[in-house]
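Hello,

Here is the structure I promised to pass on to you. Have a look through it first, and then read my notes below.

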Amino acid sequence: MTFADLTNERYSSRSYTDEPVSDEDIVSILEAGRMAPTAKNLQPVRVIVADTPESIARIGKAAGPYGATVALIVVADASKAWVRPQDGKNFGDIDASIVTTQMMYRAQELGLGSVWIGYFDPAVVKEAFGLGETEEVSAILAVGHRADETSSNHGNRKPMSEFASRA
Ligand SMILES: Cc1cc2nc3c(=O)[nH]c(=O)nc-3n(C[C@H](O)[C@H](O)[C@H](O)COP(=O)(O)O)c2cc1C
């Protein structure tokens, strides 16, 4: 499968079967995230694996992972991330997004579904998983065996003419 195939075929799955994701696949997905580039290679990101009904329930109802059997909680530590001197911008969230994206595409390559979840109560998740003061949950990636065949937005993107332009 080429990268073009992966990017064209991936969609956000919002329905999953009960079939568990193998430990081997989970580790392989985590490995894709671990290899992600980060600003100045400071690696301020870690991932918490919630793959039991109890640990998934701790995320809270607002962030229900659509019945997925695995939720990867992507945490960025602002105190460890690169800060751009010109404007003080902290790159932790950007680093965490690359980690999440790489895991999302590795899941796709393994034939698994996923959906990136940004809708959750950060205070609830932070407390539930005992995050440090400078840590923030950047994303939750739900992963599992798909029970749907597409999403309403699959392939629904603005045209290239609006997306890119020559300077
Ligand atoms: C940063 C980010 C946050 C998202 N948060 C949610 C979410 O909370 N719940 C949800 O169902 N989908 C969420 N999504 C999935 C998007 O809605 C989805 O990617 C978009 O509609 C395009 O559809 P597709 O992924 O099927 O191509 C999120 C995606 C991104 C990149």
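To get you started: in which loop is tyrosine 66 found? It sits in the loop between helix H3 (53–57) and S2. Helices (H or I, at least four residues) and strands (E, at least two) are DSSP runs, numbered from the N terminus.

Two things to know before going on. Residues are numbered from 1 along each chain as its sequence is written. This is a predicted model, in which local features need pLDDT of at least 70 and side-chain atom pairs count only at pLDDT 80 or more, while totals for chains, interfaces and linings use all residues.

Back to tyrosine 66, which has a positive phi of about 55° although it is not a glycine. Tyrosine 66 is partly exposed, with 18 other C-beta atoms within 10 Å. (A residue is buried if 20 or more other C-beta atoms lie within 10 Å of its own, exposed if 12 or fewer, and partly exposed in between; C-beta atoms are placed from the backbone.) Lysine 40, in the loop between H2 and S1, also has a positive phi, near 60°. Lysine 40 counts as exposed because it has 12 C-beta neighbours inside 10 Å.

In the loop between H3 and S2 you will also find threonine 69, which is buried, with 22 other C-beta atoms within 10 Å. Leaving out residues up to four places away in sequence, threonine 69 touches Tyr16, Asp18, Pro20, Val21, Asp51 and Gly144; contact here means that the C-beta atoms of two residues, placed from the backbone, lie within 7 Å. Valine 70 belongs to strand S2 and counts as buried, since 24 C-beta neighbours lie inside 10 Å. Among the contacts of valine 70 beyond four places in sequence are Ile26, Val49 and Val143. Proline 53 is 17 residues from valine 70 along the chain, and their C-alpha atoms are separated by 9.0 Å.

Next, the helices. Two packed helices are described by the angle between their axes and the distance between the axes. For H2 (residues 23–34) and H4 (residues 92–109), the angle is about 145° and the axes are 7 Å apart. (Axes are lines fitted to C-alpha atoms, for helices over the stretch in contact, and angles run from 0 to 180 degrees between N-to-C directions.) On the H2 side, Ser28, Ile29, Ala32 and Gly33 take part, meeting Val99, Gln102, Met103, Arg106 and Ala107 in H4.

The 18 residues of H4 should span 26 Å at 1.5 Å a residue, and its end C-alpha atoms are 26 Å apart, which agrees. (The expected span is 1.5 Å times one less than the number of residues.) Buried residues of H4 include Asp95, Val99, Met103 and Arg106, and their cover includes H1 (3–9), H2 and strands S1 (45–50), S2 (70–77), S3 (113–117) and S4 (135–144). Just after H4, glycine 111 takes a positive phi of about 85°.

Finally, the ligand. Around it are Tyr11, Ser12, Arg14, Val115, Trp116, Ile117, Gly118, Tyr119, Ser151, Asn153 and His154, where a residue is near if its C-beta atom, placed from the backbone, lies within 6 Å. This shell divides into five nonpolar, five polar and one charged. (Ala, Val, Leu, Ile, Met, Phe, Trp, Tyr, Cys and Pro count as nonpolar, Asp, Glu, Lys and Arg as charged, and the others, Gly among them, as polar.)
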